[in-house]
Amino acid sequence: MRMYKSFILVCAALCVAFGGAAAWAHGQAAARTSARGSVLPAPRVTESFDAHWRFARGDFPAAERSDFNDSAWQTLDVPHDWSIAGPFEESNPTGPAGGFLPAGIGWYRKHFVLPRSAAHKRFFLVFDGVMARSDVWINGAHLGRRPYGYVSFRYELTGHLSFGPNAPNVIAVRCDDSRQPASRWAAGAGIYRHVHLVETGDLHVRGWGTFVSTPAVSADQATVRVASTVVNESAASRETSLRIALIAPSGKLAARITTAAQPIPAGSSYTFTQLVTIAHPDRWDIGHPALYRAVVDVLDRGRAVDRDAVAFGIREFHFDPATGFWLNGRNLKIQGACLHAEYGAFGAAVPLDAWRHRLEALRKLGVNAIRTAHNPPAPEFLGLCDRMGFLVMDEMFDCWTVGKNPYDYHLDFDRWALADTRDTVMRDRNHPSIILWSAGNEIRDTPHELRARWILASLLGVFHRYDPSRPVTMALFRPNASHDYDNGFADMLDVVGQNYRENELLAAHVQKPSRKIIGTETGHGREAWLALRDNPAFAGQFLWAGADYLGEAHAWPLIGNGSGLLDRTDFPHIAGLERQSWWSRAPMVRMVRRVAPAGIRPLHPGEAAGPRRPRQLLFRDWTPANLGPHVETVEVYSNAQQVELLLNSKSLGAETIHADASPRAWQVPFAPGTLRAIATNAGRVVATDELRTAGAPARIVLTADRHGIAPGWSHVDYLAATVVDAHGVVVPSASNRITFTVAGPGFIAAVDNADNSSHEPFQADQRSAYQGRCVAFLRARVSHGSIVVTASSPGLRSGTASLMAIPARAESPGR
């Protein structure tokens, strides 16, 4: 049915543009025909509305009118972040917080037609996210305004639409982030998330109206609670019931039940609630992300008139004040990382495969949880966390009524915060990955005790009303200064969260042992890890940050922040390797050179030395600037019982693991050649690492993340270009400019090199190597054919990678 509807809309647009009414009628008839003769329309159709928008930067009077001439505008598909195209300029009003990217006003318009046969239907337009302060019109009628760029919202189009091939409709969207600075990081600009058109009848499930929870779960049996709110927008009362089917992860029917009928008067709604028992449930877990599906059919006197379907997981979790976090009867530490909603080269419009690549890289380091800092993420990101088995803290706000920037959300909080929270909770509450809601990050209202308590109580009321199954926390900001632990504010939270100052949080637990505690944001240091490791009550921590990000750059020429476990291209920083030695269960060993004693943690290597940007202290190579005789300090990060270090096959001794989690270190007289670490458990080799002295750059090695790539906006493949010497050793000083060329049905979507001081454009086919590396992101144009990518640079032997374009695999978006 979705294919049928997609074909109808595409035929309508093409036929109106090129063939008129006769061509439209022919296309409509063709779409109805199938192998069985005909296809009846589905009771509900949800279609992607991403394709064929027109866009222009700037403000345009009367651009909301349907007769406005937009023929000269750029044609594109959304999601689209227009700010990531740059250029980076020191004069851009976003400043260092926004990565010196451009801001302003942008307009989007989309022309579409609907068949006359749909005139009796109801239509809704759903935006997953528009940055920022968006206004939306349909055929010149203003539908509404949403200032917060991170929330999803929906408008009903019914009553404003025209039908038939000669009656086009126009959606117009104005986005305005011209008032700056408005964010502490690069937030993006435009319709940067997906858009959907939903068609229903008069009797239908309300938007985000189905909520599935699991109030009782064991290995033997689970109770599943399905609640669906049905709206009757017809002119008469309707005798309504629900037919609920629960589909197991295997695809088999796990349960089916039909509710008792309920009359719903015209213009009213009713929430059906049904408990369903499942024997021997397939429980969702971080190592086993099993997903069920609830299919809810709305029956009008026994006839199906609407269908809502949501993915969910069966699992039990809770926070215990003495022992921390429990999942399905197992006590475990939440090993989390904070992620902003942007992804380097793609800005805020992030393909799902890019997120998958980042989460896979974080998982290798031992990360099992994500904090969506500091705002609700795209819904498909949560669906990915569901499928990959990550825990999630879903965060709402970076500020309440006291702003952190002149033009941030504090200007809109009083009017919009409760509605934004409601819509986000309703949208996200079926995701099994979510274990915590967060009401805010480092909220600066807390010194104003009475107002802060009133705001928090209001937010808690919304969270608990629309999702009573999950606890709420927030990232307290210097709670001892604002007396949050003494005046009762912290104890309003279901789980007490604090940023940094782990000893303060532990002291607060000692003060009141009934408090459930979590580190909502922590640094990379060993002390923070020991506070979590050695205290059972400490449920977990979220590191700042999981990956480097654009913005919060401190000063030009920097454009990004280097505090990640990973750099912008998902290559692990040395801090990530050390964290891996503490968090990963898989045996690992990694070596680094330390050129100065530990002090203030260095930021990204590309950041120039200064009070807030100390010089790089750690290097993952055996190619120091001084190749003459001198002594190098070698640190080894490993979770193995013993590590032996060898230089040019000569043993330098072995060290056992340190109880205080400090790295093992050797003073090594430098000699060019091969430095090797051998990690063993009970005498058995479990991991090795090797660093070799590099020579002059000789060639490029190009590797593809996958062997096949499907067409479509969500699909990209990660191509890593590495400059190596004649023996294949990475040259850490290489900065060669690398050009990517594509033969076959593919194209380069973006490039990056993780250098926070580079102002090269991301939407290009060239990039300078940084510390010997850069990456390109490949897209496929079609679903078949061979693609060959070549990475070349003058004076170097080129590298190639071969992939196949393949059909897209069906995957639930997790909405």
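## Salt bridges, a buried helix and selected residues

The count of salt bridges comes to 45. The model is predicted. Side chains of opposite charge can pair when their charged atoms come close.

| Salt bridge | Closest N and O atoms |
|---|---|
| Glu-552 with Arg-184 | 3.8 Å |
| Asp-297 with Arg-243 | 3.1 Å |
| Arg-358 with Asp-570 | 2.7 Å |

Take Glu-552 and Arg-184, which form a salt bridge. Glu-552 sits in the loop between strand E30 (549-550) and E31, and Arg-184 in the loop between strand E9 (169-176) and strand E10 (195-200), so the pair ties together parts that are 368 residues apart in sequence. Glu-552 is partly exposed, because its relative accessible area is 24%. Arg-184 has 18%, so it counts as buried.

Next come Asp-297 and Arg-243, also joined by a salt bridge. Asp-297 belongs to strand E17 (residues 292-300) and Arg-243 to strand E13 (residues 238-247); the two are 54 residues apart. Asp-297 is buried at 6% relative accessibility. Arg-243, at 28%, is partly exposed.

Arg-358 and Asp-570 make a further salt bridge. Arg-358 is in helix H3 and Asp-570 in the loop between E31 and H10, so this pair ties together parts 212 residues apart in sequence. Both residues are buried.

Salt bridges also form a network. Its members are Arg-568, Arg-737, Asp-752, Glu-760 and Arg-767.

### A charged residue without a partner

Arg-779 lies in strand E46 (residues 773-780). Is Arg-779 buried or exposed, and which side chain of opposite charge is nearest? Arg-779 is buried, yet it has no salt bridge. The nearest side chain of opposite charge is Asp-353, 8.2 Å away. A salt bridge needs the atoms within 4 Å. A polar atom of the Arg-779 side chain does lie 2.8 Å from the backbone oxygen of Trp-713. Beyond its neighbours within four places in sequence, Arg-779 contacts residues including Phe-346, Pro-351, Trp-713, His-715 and Phe-747.

### An enclosed helix

Helix H4 spans residues 379-388. Ten of its ten residues are buried, so the helix is largely enclosed by the rest of the structure. Among them are Glu-380, Asp-386 and Arg-387. The buried residues of H4 pack against helix H3 (352-364) and helix H5 (413-428), as well as strands E22 (334-339), E23 (369-372), E24 (391-395) and E25 (434-441). Just after H4, Gly-389 takes a positive phi of about 85°.

Glu-64 is in the loop between strand E2 (53-57) and strand E3 (74-76). Its relative accessible area is 23%, so Glu-64 is partly exposed.

Phe-571 is in the loop between strand E31 (560-561) and helix H10 (574-583). At 36% relative accessible area, Phe-571 is partly exposed. Not counting residues up to four places away in sequence, Phe-571 touches Leu-566 and Arg-773.

Ile-657 is in the loop between strand E36 (650-656) and strand E37 (664-669). At 44% relative accessibility, Ile-657 is partly exposed.

### Empty space inside

Rolling a probe the size of a water molecule over the atoms shows where empty space is left. The structure holds six cavities of 30 Å³ or more. The largest cavity has a volume of about 430 Å³. It is lined by 31 residues, with Met-131, Tyr-150, Ala-182, Ser-183 and Ala-187 nearest its centre.

Notes. Residues are numbered from 1 along each chain as its sequence is written. This is a predicted model: local features need pLDDT of at least 70, side-chain atom pairs count only at pLDDT 80 or more; totals for chains, interfaces and linings use all residues. Side-chain values use heavy atoms; hydrogens and water are left out. Helices (H or I, at least four residues) and strands (E, at least two) are DSSP runs, numbered from the N terminus. Buried means under 20% relative accessible area, exposed over 50%, partly exposed in between (1.4 Å probe, protein chains only). Lys and Arg count as positive and Asp and Glu as negative; His and the chain ends are not counted. A polar contact is a pair of N or O atoms within 3.5 Å; within protein, one must be able to donate a hydrogen and the other to accept it, and residues adjacent in sequence count only if both atoms are side-chain atoms. Contact means heavy atoms within 4.5 Å. On a 1 Å grid over the protein atoms alone, a cavity is a set of points where a 1.4 Å probe fits but cannot get out, and a pocket is an open set with protein on both sides within 12 Å along at least five of seven lines; lining residues have an atom within 4 Å of a point. Grid points are joined across faces, edges and corners, and a volume is the space filled by probe spheres set on the points.
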